[in-house]
Amino acid sequence: MPSGEFPACKYSPVRYNLLWVHKAFRVVVTAKDFVPDGHFVSLFPGYYCTGRTRTPRPMDGITGNMCPEGHYCPAGSRAPSPCPDGEQSNTTGQEKCSPCPAGFHCQSGIRLRCPPGFYCPQKTGISFSPCPPGTYNPSHGVSQAERCHQCPAGMFCGEWGLSSPSGPCWPGFFCTAGASVPNPNGVTNTSSGGPCPPGHFCPAGTSIPLPCPAGTYSDRLYLGLESSCTLCPPGYHCSSAGLASPSGPCSAGFYCLSGASSPSPAGIRQKGGPCPLSHFCPEGTSFPFPCLAGTYNNLTQQAACFPCAAGYYCPENTTSYSVYPCPPGFYCPTGTKFATEFPCPRGYYNPDPMTQSLDSCLPCPPGHYCRKENLTAVSGKCDAGESGPLCLYVAPAVPSVCGQREQACWFCVSAAWTSQPFDVDNYTNSNCLCPATATGGKCMAGFYCPEGSPEPIPCPPGSYCSASGLSVPTGECAAGFYCTGGAASPKPTDGVTGNICPPGTYCIPGSAMPMLCPAGTFCGLQGQSMVSECQPCLSGFYCAVSGLSAPSGQCWEGYYCDSSQGPVSNVTLYPCPQGFYCPPGTQKATQHSCPPGTFGSRQRLKSMNECQGCPPGKYCALPGLAAPTGDCSEGFWCKGGAQVKDPIDGESGLPCPPGHYCLAGTPIPLLCPHGTWSSSKGNKNLQDCQPCSGGHYCNGTGLVAPSGYCSPGFYCISGAQTPTPTDAFSGAPCPVGHYCPLGTESPIPCPPGSYMPQTHGKECYECPEGKYCVPGQEPQSCPKGYYCPRGTGLDWWPCPRGTYSPEQGLESSAGCRVCDGGKFCSHRNATNVAGECWEGFYCTKGSDRPNPHTRFQGQAGPCPPGHYCPRGTAVPEPCPVGTFSTRIKLSSEAHCSLCLPGHYCNSAGLLVPTGQCAEGFYCTLGSTLPAVPAVDKTGGPCPTGYFCPRGTATPLLCPAGSYNPSERQASCLPCTKGFFCPKNSSSLERNECPAGHFCPLGTASATQFPCPRGTYNPQTGSSHISHCVPCDPGRNRALAS
């Protein structure tokens, strides 16, 4: 243990139960703080010890380290503990984690800012709190729900956890701030908007309903466009904005076209104007009425026309009567309609213009006649008589001149209309008077003369005088006849004094003139005597004036003539009612109904063609309608002429086509707006248009399917109108850290192992080699001890055992350093070597343990035979020359064995000696040569007197009987004859065979071969027994022996 770290150390009697007291920290370490081999487990908080720790605050990353960020290490930690969710550790060396601060979320101890769309109170972990519907949050780091933004007015926020509003409020609805649906119904979401109310329209994104402009109104809900507001109907005005019904009828003296905004519009720009000259405009006029014939109007802004002045006539549409003076021959009372309406009758003439009454017509002067109506001068003079003198009436004051034959006298009184008057029919002013000199005469038939008559009195009108000489009339004119005066018969037929009652009249008894059948009746027969015989005008006809012999004509088109309601004389009193049309001769008001599918809003329709087709959006179910029955059902389009509210015939209507929606009464299908589509028929309202689904865009109106997929690099949430939205409501460019392939609904976070450094990413870039990528962050350098191939996320690849890496940013395992020679790297993701290779082992490179075996990784193992390996050996050291080793795991040179005696070891690293020592040489311990040239401690040349066969460890003594006079000999020479050689002999010198002996070849000693008994040899150097000579006789044989 480093004494500097723990200066106070006490040992207990129990093995490994050390008691350490650290002075600085006052920490007591007992036996439990050590593993069995005496290494620390953990001592200080903020550190962890994995095992074999030799310090309580390891920093090598192998046996332990400082607690990393995102983890905590209480005292005694064997490994870092990840901070629980909702807690953080943003620095290294933490004993415990702290609560995640508000505005952040902490996952695995890492603190990240709260993402948009959410809020994070203190201690937020992986489950952040989403902003509720009706709100959104575009910012990072929000800490409480109150800081979620209320959805802006005109938008809706329909989901939890929105970073931007879902989209604009739908057309036909308005959304106040905080709306959570695009179509608030105003009942369950009263505080967030509602359907667009009557009198208003609400385009997409409406916060406050927009009033229909002046000149329009709306009695319906859900309008989405200003064009859906209904134009004020003709004859009415809509004088303010936001009306649910017209303000009222147009003022008298003005006319109001469709869309009028004032009861008294100033001109056509205001959809109407003052009633113009020659027209009249009663209250509620939709278009000026031309002044009727007989009236005029020389002023504007008039509710009625003035009667035409007397002396003038006024055709229809007259501005000034002065241009229409009554022509000569006619008279024009007040209200005259046309120039020839009132002609001066027969017997009268009028030479002057601008006359005003019948009194203005002058009677034809006496002696003249006026043959026809509308004369401006007399026709001529009365004819002269042929059978007697003519009785001429010169003037009223001048008596006529009578001839002798009175009965043949033609006379012309005032206002005669024929040149040969002969009947009282000409008595229009006075009668012919006899001259003063006449004597008188008998009353003729046709006259009567009461007592004292100065002259015959014509029989009075209504009576007849059938004989001459009557003092009183005979009686009343007969029924069916009329007597104008001077009648001689009750049934006159002369046409002068009377006649049968003509058609169109009736004559009661005593009729002076025919009585006209009253207006509304006619009579086609003559001689009728009672008014009851005048026939009411036939249905379908009218009898405009009295005295008609036949109806005036067929009932006018646009009117009906129904005799069951009374005589019809004035057709204009019976305009064809609304809902019906009246061709000429119509008999009943309801005779001709506008057929189903049409209606008649006006009176006086003349033909079925004038019945209006039921307008788009309406249906006309019954015949005879004055207005459409009602609105077409929602979900259906009544194109025009619809008879039912839900037509399907395709001609008058059909279910609302795909891509559209049809509110009740819609005149044309409303296009599903931008950002929506619908593939189904019969959509009833805007809600039936589907918002463009996520990942798609709808860039047109009336779509039956989305326009296509959202473009790569963008995301389309819902309701997108373009493949590249940027409004953040329907979509936006793909944000940094995310990718958006074709058709993306929401940004996809780059998966671990990839990144996207800019917006509009279509696909994430693969994390580059040497970096790792986690969502939301830029690529970071691969940490020490790891390598990061392309595409690495948090799955860093640890440098394998037997390698280490002190640098960041390794790209592959090849970048991990092979454990240095003489070192071992026992852990993965090592940032440094673990230590030195143990004695007896070598670690050339890549060793994963201090005592490697050949079956483990790396070029390492037990020190091989012939070598020795001190601590930290990278390459086994060969046992030096002169040594060898058959054992493994030698730890020092001293453990190498000296070369065996008799052998030599001439190279280093031998497992066995190189070979046997050479002949003639000997090798003791540690010989390096087979033939040591000079004697040393390892051997040398075999010396004289010795022999050294191959493999000699120590020189062998030449045995007795041999000698070796030379060095480096593998064997000894046999001792020469005549000599003896004791062992280790190196020379024959002084070794001559002594006298008394003989020394054959190889004699070992001087006395080895004595001459036998009885012989002797006085000479030295004898070599054979034959050199022993017998004793001389007499000599002592025993001595010799």
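Guide: First, a definition: buried means under 20% relative accessible area, exposed means over 50%, and partly exposed lies in between (1.4 Å probe, protein chains only). This is a predicted model; local features need pLDDT of at least 70, side-chain atom pairs count only at pLDDT 80 or more, and totals for chains, interfaces and linings use all residues. Residues are numbered from 1 along each chain as its sequence is written, and side-chain values use heavy atoms, with hydrogens and water left out.

Visitor: Why is C555 called buried?

Guide: C555 has 1% relative accessibility. Buried means under 20%. So C555 counts as buried.

Visitor: How do you know that C555 is joined to C561 by a disulfide?

Guide: A disulfide is a pair of cysteine sulfur atoms within 2.5 Å. The S to S distance of C555 and C561 is 2.0 Å, so a disulfide joins them. The angle about the S-S bond is 80 degrees, and the link is right-handed. C561 is buried too, at 0%. The search of the whole structure finds 47 disulfides.

Visitor: What makes C151 and C157 a disulfide?

Guide: Their sulfurs are 2.1 Å apart. The cut-off is 2.5 Å, so the pair qualifies. This link is right-handed as well, with 85 degrees about the S-S bond.

Visitor: And C993 with C999, what is the handedness of that link?

Guide: Right-handed, with 80 degrees about the S-S bond. C523, in contrast, is in no disulfide. The nearest cysteine sulfur, that of C517, is 4.9 Å away. C523 is buried, at 3%.

Visitor: Why is E919 called exposed?

Guide: E919 has a relative accessible area of 53%. Exposed means over 50%, so E919 is exposed. E919 is in the loop between β81 (915-916) and β82 (921-923). Strands here are DSSP runs (E, at least two residues), and helices are runs of H or I, at least four residues, numbered from the N terminus.

Visitor: What does E919 touch?

Guide: Contact means heavy atoms within 4.5 Å. Leaving out residues up to four places away in sequence, E919 touches C948, P949, R950 and A970. E919 and A970 are 51 residues apart in sequence, yet 4.9 Å apart in space, C-alpha to C-alpha.

Visitor: Why is K123 called partly exposed?

Guide: Its relative accessible area is 49%. That lies between 20% and 50%, so K123 is partly exposed. Phi of K123 is near 70 degrees, a positive value in a residue other than glycine. Most residues other than glycine have a negative phi.

Visitor: How do you know that R111 lies over the face of F104?

Guide: A charge sits over a ring if NZ of Lys or CZ of Arg is within 6 Å of the ring centre and within 35 degrees of the ring normal. R111 is 4.7 Å from the ring centre of F104. K639 also qualifies, over the ring of W637, 5.5 Å from its centre.

Visitor: How much confidence does the predictor have in the chain?

Guide: pLDDT is the predictor's confidence in each residue, from 0 to 100. The chain has a mean of 84, and 88% of its residues reach 70 or more. Over residues 1-42, pLDDT stays under 50. Where pLDDT is low, the predicted coordinates should not be read in detail.
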